[in-house]
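Here are my notes on the model you sent over.

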Amino acid sequence: MTAFDELMAFQRQTEALSQIAGRLGWDQETMMPRGAASQRAEETAALESILHARRCDPRIGAWLAEVDPEGLDAAGRANLRLIRRAHDRAQLVPERLAAALAHTASLSQGIWAEARRTEDFDAFAPTLSEMLALKREEAAALADGGDPYDALLDDFEPGATGAGLAALFGALRPRLVALADAVLGAARQPAPLTGHFDEAVQLQLSRELAECFGYDFTRGRLDRAVHPFSSGSGDDVRITTRSDPAEPFNCIYSTIHETGHAAYEQGIDPAHALTPAGQGVSLGVHESQSRIYENQLGRSRAFTGYLFGRMQALFGDAGAPDADAFHAAVNRVTPGFIRTESDEVHYNLHILLRFDLERALIAGDLAARDLPEAWNTRFEQDFGARPPRPSQGCLQDVHWSIGLFGYFPTYTLGNVYAGCLYRAMQDGVPDMDARLAAGDTGPATSWLRARLQRHGGIRPPRETVAHACGFAPDEGPLLDYLEYKFRSLYGL
Ligand code: ZN
């Protein structure tokens, strides 16, 4: 065996163990008995410590030193690059700091949840402050002299920088604020859906829609969870959804969103299975797949026409008088404080706010205790109102409590990438709308599979999108799409 073969055999076992850890997480959110929580914490911690030791294993360094990249194909070179990167990063964080971060994160989530429930930011502030101190220490260690925020971002979106994202988001913000103002001030305001929608039928429709968007149920399954998610890679990629009898779009569009994530993992060339290149390349690129399935395709006039018919057939009444009113209800814009309930026009403004605040927190320019005031002031600038309670402001998301700094911007980056992919797809798939109107997503999803999903992590994230689109991604296509769609819908 060459050094490369030995390295890849070792890595393959690490990837397999990591898939098992992910499946324990899936089980915890779907099937696990309530009384198993503390035993599960121990099981997960045991597996994590094995994974950590494997990632830091000194043999990896020796194999990496011995391999000659010139003798490898593109996939081999990509795997070598990804293994080296993970190994270098694992070694930069001292064991003591990694343990302190894991410990604080597990306690902090409960304290955050309780503070959110009791609307008491002060009860969470000391814990957030402690988490922030640890993350700043980790960022400095990972940055190794470079920019600390960029070092954290690198975990989720390799190659992206805070300065690059700030420039991109700076170009988005004024046009998004102007569009939101225009839409909310329009004389024409669409009506919401009305009626009662049986939850078992919503689940049945969700299964049908997942299949319609190309989800392979022989290599996956759909279950209920409090927060919808997708987990796993290769031949075992599972998705979850939730339902509400008065609001079927939550179930339907959560399912289509998670199907987009899952289709990416299921669509990667099986030759890369259980290797670092055999997974979605970054959170931003992942989110581009979920968003384009959910929004550009799933909320299009063409596809909602088909969905209107299916809902009439399954529920007897689709909750709107005709397909145009149904399309308007699907895309209805409402001002609100909560990110996860936001429409396409406001969503990125929620993210831009979080990005600027977390950069200031990591830079040391904003203290944890001053977060509510900074949040509310910024929210008022972009949304025209101040959140009345912390649960509707800076306590609404779990991310910061568990140490996820650098994660939020990948949501908007995903939307930007989805905008670019959709523009390229409109040129590449000429009969797309006619096919979507008939409930056939095949031409669109096959285009994405061939151009992007198949390749997994062979190229770095931005290059993955540029390769698929045939042009370098920027914010233009997303803004053009949003302005055209919502100005038409609101008669502007
Ligand atoms: Zn997502």
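1. What share of the 492 residues in the chain is buried? Keep in mind that this is a predicted model. The figure is 52% of the chain.

2. On overall form, the chain looks as you'd hope for a globule. A compact globule of 492 residues would have a radius of gyration near 23 Å, and the chain has 23 Å, so the two agree. The accessible surface comes to about 20800 Å², and carbon and sulfur atoms account for 52% of that.3. The secondary structure comes to 20 helices and three strands. Take the contacts between residues at least 6 apart in sequence: 73% of them join residues at least 24 apart. Several of the points below give examples of links across the sequence.

3. Now the metal site. The zinc ion is coordinated by H257 and H261, each through NE2, and by E287 through OE, at 2.1 to 2.3 Å. Along the chain these donors follow the spacing H-x3-H-x25-E. H261 sits in helix α10 (residues 248-267) and E287 in helix α11 (residues 283-297), so to speak a pair that links distant parts of the chain, 26 residues apart. Both H261 and E287 are buried.

4. Is helix α13 (residues 323-330) largely enclosed or exposed? Six of its eight residues are buried, so the helix is largely enclosed by the rest of the structure. The buried ones are A323, F326, H327, A328, A329 and V330. What do they pack against? Their neighbours are α10, α12 (301-315) and α20 (476-489). Helix α10 is the one that carries H261.

5. R54 deserves a look. This arginine lies in helix α2 (residues 37-55) and is buried, yet R54 has no salt bridge. A salt bridge needs a side-chain nitrogen within 4 Å of a carboxyl oxygen. Leaving aside residues up to four places away in sequence, R54 touches F10, Q13, T14, L17 and I60.

6. Elsewhere, charges do pair up: the structure holds 33 salt bridges. One of them joins the side chains of D154 and R85, at 3.3 Å from N to O. D154 is in the loop between α7 (148-153) and α8 (162-184), while R85 is in helix α4 (residues 74-92), and the pair links parts of the chain 69 residues apart. D154 is buried, with a relative accessible area of 18%, whereas R85 is partly exposed at 26%.

7. Which helices does the salt bridge between R175 and E483 tie together? The closest N and O atoms of R175 and E483 are 3.0 Å apart. R175 lies in helix α8 and E483 in helix α20, so the pair ties together parts that are 308 residues apart in sequence. R175 is partly exposed, with a relative accessible area of 33%. Helix α20 has come up already, as one of the elements that the buried residues of α13 pack against.

8. R386 is in the loop between α15 and α16 (409-428), and E373 is in helix α15, 13 residues apart. R386 is partly exposed, with a relative accessible area of 36%, and E373 is partly exposed too, at 48%. Going back to the D154 bridge, salt bridges that share partners join R85, R89, D154 and D155 into one network.

9. N376 lies in helix α15 (residues 371-383). Why does N376 count as buried? Its relative accessible area is 16%, and buried means under 20%.

Conventions. Residues are numbered from 1 along each chain as its sequence is written. This is a predicted model: local features need pLDDT of at least 70, side-chain atom pairs count only at pLDDT 80 or more; totals for chains, interfaces and linings use all residues. Side-chain values use heavy atoms; hydrogens and water are left out. Helices (H or I, at least four residues) and strands (E, at least two) are DSSP runs, numbered from the N terminus. Buried means under 20% relative accessible area, exposed over 50%, partly exposed in between (1.4 Å probe, protein chains only). Lys and Arg count as positive and Asp and Glu as negative; His and the chain ends are not counted. Contact means heavy atoms within 4.5 Å. Donors are N, O and S atoms within 2.8 Å of the metal (3.2 Å for Na, K and Ca); water is not among the atoms, so sites may look incomplete. The radius of gyration is taken over C-alpha atoms; the globule rule is 2.2 Å times the number of residues to the power 0.38. Accessible areas come from the Shrake-Rupley method with a 1.4 Å probe; for residues, only the protein chains shown count as cover.
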